[in-house]
There are 2 protein chains.
Amino acid sequence: MASSSPSSMSPPMIPMELHSLNREKLFNSLRDHLTSCARPLQGFVLLQGGEEQTRHCTDHLELFRQESYFAYLFGVEEPGFYGTIDIASGKSMLFIPRLPVDYAVWMGKIQPPSHFQEKYKVTQVLYTDEIKDVLLDHYHATGAPLLFLLHGLNTDSNKYSKLAEFQGIEKFQTDLNTLHPILTECRVIKSNLELALIQYANDISSEAHVEVMRKTKVGMKEYQLESMFLHHTYMYGGCRHCSYTCICATGDNSAVLHYGHAAAPNDKTLQEGDMALLDMGAEYHFYGSDITCSFPVNGRFTRDQSLLYTAVLDAHDAVISAMRPGVSWVDMHKLAERVILESLKKGNLLVGDVDKMMAERLGAVFMPHGLGHLLGIDTHDPGGYLKGAERPKEPGLSSLRTSRKLLKGMVITVEPGCYFIDALLLPALESPAVSEFFNRVEINRFRAFGGVRIESDVCVTSSGCVNMSKCPRKIEEIEAVMAGAPWPIEKTTFLSGNGQV
Amino acid sequence: MASSSPSSMSPPMIPMELHSLNREKLFNSLRDHLTSCARPLQGFVLLQGGEEQTRHCTDHLELFRQESYFAYLFGVEEPGFYGTIDIASGKSMLFIPRLPVDYAVWMGKIQPPSHFQEKYKVTQVLYTDEIKDVLLDHYHATGAPLLFLLHGLNTDSNKYSKLAEFQGIEKFQTDLNTLHPILTECRVIKSNLELALIQYANDISSEAHVEVMRKTKVGMKEYQLESMFLHHTYMYGGCRHCSYTCICATGDNSAVLHYGHAAAPNDKTLQEGDMALLDMGAEYHFYGSDITCSFPVNGRFTRDQSLLYTAVLDAHDAVISAMRPGVSWVDMHKLAERVILESLKKGNLLVGDVDKMMAERLGAVFMPHGLGHLLGIDTHDPGGYLKGAERPKEPGLSSLRTSRKLLKGMVITVEPGCYFIDALLLPALESPAVSEFFNRVEINRFRAFGGVRIESDVCVTSSGCVNMSKCPRKIEEIEAVMAGAPWPIEKTTFLSGNGQV
Ligand SMILES: [Mn+2]
Ligand SMILES: [Mn+2]
């Protein structure tokens with residue numbers, strides 16, 4: 001490295017109290033719930049941590065990343081653990097695998113339970129082959145002890161969590177319904193210690209986005225932008241994982257919402273005149289960020305690019321100005337749509353009455369995805385739909401990952417976008433309901449444009465919200481930064497003052 | 001980027017003939033085998049490609065990397081495909097998933113079969129829901145057509161390949177025994193086109209190793225060395241995947257053979273006086289490299305470091321000098337052990353007769369892993385043990401991933417090492433059989449040393465072998481490069497001349 005580091009950051013210490021506080025929050029919520037149902041305050045929360053995976057039939061080990069609910073409660077980096085919380089006492093226990101002797105030769109020092117007790121600040125650490133006996137021993141009520149197991153639907157993947165399994169589980173009663181909604185709701189509201197990590201992930205990712213903007217040149221490959229981002233966040237930020245596979249879309253690829261996967265692997269060459277849409281976020285100690293910057297690869301916006309970009313930025317800013325506890329996320333989505341439609345009308349791409357466009361859901365043609373999603377240990381953090389809540393059915397709204405009212409302490413992405421996607425635009429141009437709204441000549445001119453997305457991670461406070469993502473957003477800021485101007489990232493501290501946001 | 005690129009490379013074009021040649025090789029081998037058993041030349045080889053995976057219950061998509069046998073035959077990057085080869089005609093077919101309409105919105109353009117026929121150069125491309133009907137249609141013999149499915153043991157993971165499944169498979173006869181050993185043996189001997197890719201992966205990885213060596217400084221974190229390697233190979237080499245998780249071990253971590261995984265995550269700070277052991281290799285279009293460099297983090301070898309390093313380098317060089325077709329890999333392992341033991345004796349760490357040390361398997365105390373492994377689309381490429389072959393049982397030799405005789409066209413890693421591992425050394429010091437060989441005072445002095453490994457990827461030629469890894473190896477080369485001297489990487493071309501190595 002050159003003597004002057006390209007980063008002003010360094011990885012912060014990880015406070016293990018974060019996870020004790022998470023456990024305490026669950027303990028209190030669960031006991032409140034049980035009390036309200038007149039159920040006994042007995043039994044154990046039991047979670048099984050993730051296991052290392054190999055690829056197909058080979059011995060190729062995938063780099064392990066902990067299951068998210070387990071990470072939330074215990075902060076454990078290693079595979080093969082179990083964790084419990086005693087509902088009667090609050091006592092927390094970790095169960096670690098008993099490693100074979102040759103682990104010391106191949107994988108590393110075999111640490112005793114005391115090492116993990118010190119590292120993870122739980123009450124006690126034992127071995128996984130002791131779970132049954134230890135829990136039976138710790139149970140002081142009559143009958144078979146009750147285990148609260150994690151079982152519930154992830155409303156983004158539509159998949160159920162895997163049920164914990166261990167030898168001797170048949171000696172216990174199990175409750176599959178109580179834990180999942182309560183633990184999920186704990187995750188929805190972030191503590192200050194959680195916010196500090198999400199802020200750090202945002203700070204290093206914002207800085208990396210700026211670094212990438214500055215180094216982007218016509219003629220590069222999209223994956224080179226990905227490589228620069230990954231390097232900056234790992235080298236200077238200590239972030240080994242990203243929250244998701246980097247989306248480095250340029251030109252018409254920027255209309256592919258989840259570009260960057262193996263079948264569309266960031267491999268196009270950047271062309272003069274292209275916009276770039278870079279959706280990239282680093283993760284630090286499980287907590288993530290999710291940030292999108294859009295900019296012209298040559299550093300100067302054309303008139304058309306300014307028009308589209310400003311439409312999206314105005315939507316982004318309007319939403320952030322309106323966010324506060326109690327506001328409905330569906331309304332925020334519609335607000336973003338309206339601002340975009342009004343801009344497109346002003347820009348002469350659309351004609352007619354915006355209220356009518358809204359009634360016909362024209363916004364979904366240009367922004368088919370939801371406005372944003374909860375963010376935390378998962379990029380699409382759970383809890384977007386409470387049990388029994390129905391998903392909206394209308395175009396655009398049906399893609400929303402939450403329809404909830406905002407609550408203080410939520411972190412949610414604000415990511416309006418405007419795209420020219422043939423698969424949506426061509427049918428709309430033929431649709432009797434909406435075809436009248438299009439200025440076909442202008443729309444046609446934009447058909448190969450791709451799209452623009454601007455995404456920030458926003459924390460809801462008691463009176464409004466805080467944008468945690470510190471990227472250049474205004475056109476003049478982006479052009480200045482790409483021309484070499486400095487970009488300050490002011491640090492936001494969530495840990496000062498009265499400890500509340 | 002600075003105006004002068006830190007790389008002399010750029011990603012080569014990928015020749016799809018590579019995979020047609022792989023298919024042709026299998027076709028011929030399989031027909032030869034069937035003919036030799038007087039079986040009819042009828043039926044289809046059918047392989048199911050890999051599927052995209054999500055993490056636990058979430059919608060977090062892991063970046064997909066194709067299953068290796070499927071990659072070998074078809075070179076397909078995308079998930080969800082099937083492939084067949086008609087044993088009667090040699091005709092190859094790919095079956096692609098029929099994607100839902102909204103794939104175009106979220107994931108990218110829905111390409112027609114003709115796109116993939118052009119891209120992958122197979123005879124025909126159809127949809128996965130047509131497999132049954134198309135194969136029944138193409139079968140011109142009597143009875144239910146025969147499918148040769150992939151089923152067999154991976155001798156590194158001790159796991160079996162997953163059997164292909166598709167709707168209507170019950171209409172076919174299946175043969176689970178024939179394909180796996182024949183296809184595996186095809187993979188063992190590399191074609192010139194395969195060698196060219198492995199050479200490229202070696203070239204960009206060697207260059208990245210040199211870059212990391214130059215930038216390594218006391219006070220850095222181990223993961224920063226990993227980040228620099230990943231960045232160099234992706235940014236300049238177009239390598240999105242590595243062959244395996246980077247092992248960036250410094251100080252006593254270098255005695256942990258598979259350091260770098262989630263429970264030992266390259267997070268130590270480099271100290272003055274530490275050796276670094278960096279085992280890192282990039283992959284390009286499925287073909288990998290596997291290279292280890294060991295060097296002092298401050299750029300200057302101490303006397304003790306020179307002693308250990310020279311012991312390992314002499315073993316590495318002795319093996320490469322001896323390698324040629326017909327040589328037994330077990331003998332090569334023993335040769336490496338002998339050279340190391342002799343050096344340790346010369347260096348005054350061991351005393352006594354080296355033949356006796358060999359007879360007592362003392363080498364396995366210092367090098368518990370095998371000398372090397374086949375390398376290709378998998379880091380531990382299959383085919384190390386032919387069906388029925390027994391693994392050696394003695395210490396050290398039991399870790400060998402192959403006990404075969406070398407064949408022209410094999411690529412195998414040569415990776416001798418010498419480590420001070422308490423879990424092995426302390427019992428040995430107490431063992432009546434070997435305790436007499438130790439100079440305890442000297443051994444104790446080295447106990448916190450860690451270890452040294454030197455690993456090159458070596459291709460067996462008709463008369464000897466070629467070392468494909470072009471890293472500084474001599475002590476004076478390493479010290480010069482770390483002090484800033486240039487390092488030339490001469491390119492080896494496998495495609496010139498008569499097309500044979
Ligand atoms: Mn997002
Ligand atoms: Mn190796």
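**Backbone, rings and helices**

At 41% relative accessibility, B:Asn348 counts as partly exposed. The scale is this: buried is under 20% relative accessible area, exposed is over 50%, and partly exposed is in between, with a 1.4 Å probe and protein chains only. The model is predicted, so local features need pLDDT of at least 70 and side-chain atom pairs count only at pLDDT 80 or more, while totals for chains, interfaces and linings use all residues; side-chain values use heavy atoms, without hydrogens and water. Residues are numbered from 1 along each chain as its sequence is written, and chains are lettered from A and ligands numbered from 1 in the order in which they are written.

B:Asn348 sits in the loop between helix 10 (329–346) and helix 11 (354–359) of chain B. Helices here are DSSP runs of H or I with at least four residues, strands are runs of E with at least two, and both are numbered from the N terminus. The phi of B:Asn348 is near 80°, positive in a residue other than glycine. Most residues other than glycine have a negative phi. A:Ala38 also has a positive phi, about 55°, and is not a glycine. Its place is the loop between helix 1 (17–36) and strand 1 (44–48) of chain A. A:Ala38 counts as exposed, at 70% relative accessibility.

Next, the aromatic rings. Rings of Phe, Tyr and Trp (its six-membered ring) pair if their centres lie within 6.5 Å; planes under 30 degrees apart are stacked, over 60 edge-to-face, and the rest tilted. That rule gives 28 aromatic pairs over all chains. In one of them, the ring centres of A:Tyr82 and A:Phe166 are 6.3 Å apart and the planes stand at 85°, so this pair is edge-to-face. The pair links distant parts of the chain, 84 residues apart: A:Tyr82 is in strand 2 (residues 82–86) of chain A, and A:Phe166 is in the loop between strand 7 (159–160) and strand 8 (173–175) of chain A. Both A:Tyr82 and A:Phe166 are buried.

Another pair is stacked: A:Tyr234 and B:Tyr223 have ring centres 5.2 Å apart and planes at 10°. This pair joins two chains, because A:Tyr234 lies in helix 8 (residues 222–235) of chain A and B:Tyr223 in helix 8 (residues 222–235) of chain B. A:Tyr234 is buried at 5% relative accessible area. B:Tyr223 is buried as well, at 10% relative accessibility. Elsewhere, ring pairs link A:Phe366, A:Phe420, A:Phe438, A:Phe446 and A:Phe449 into a cluster.

Charges meet rings too. A charge sits over a ring if NZ of Lys or CZ of Arg is within 6 Å of the ring centre and within 35 degrees of the ring normal. A:Arg98 lies over the face of A:Tyr127, 4.0 Å from the ring centre. The charged end of A:Arg187 sits over the ring of A:Tyr69, 4.4 Å from its centre. A:Arg187 also touches A:Ser68, where contact means heavy atoms within 4.5 Å. A:Ser68 is in helix 2 (residues 68–74) of chain A and is buried at 3% relative accessibility.

Now the helices. Axes are lines fitted to C-alpha atoms, for helices over the stretch in contact, and angles run from 0 to 180 degrees between N-to-C directions. Helix 9 (residues 303–322) and helix 10 (residues 329–346) of chain A pack at about 150°, with axes 8 Å apart. They are therefore roughly antiparallel. Angles under 35 degrees count as roughly parallel, over 145 as roughly antiparallel, 65 to 115 as roughly perpendicular, and the rest as oblique. The crossing of these two chain A helices is right-handed. A crossing is left-handed if the near helix is turned anticlockwise from the far one by less than a right angle, and right-handed if clockwise. Residues making the contact include A:Leu307, A:Ala311 and A:Ala318 of helix 9 and A:Leu335, A:Val339 and A:Leu344 of helix 10.

A:Gln305 is in helix 9 of chain A as well, buried at 4% relative accessible area. Beyond four places in sequence, its contacts include A:Asp274, A:Met275 and A:Phe449. A:Phe449 belongs to the ring cluster above. A:Asp274 and A:Met275 are also among the contacts of A:Thr250. A:Thr250 lies in strand 10 (residues 247–250) of chain A and is buried, at 0% relative accessible area.

Chain B gives another helix pair. Helix 1 (residues 17–36) and helix 7 (residues 192–215) of chain B pack at about 135°, with axes 9 Å apart. That makes helix 1 of chain B oblique to helix 7 of chain B. Their crossing is left-handed. B:Glu17, B:Leu18, B:Leu21 and B:Asn22 of helix 1 meet B:Leu193, B:Glu194 and B:Leu197 of helix 7.
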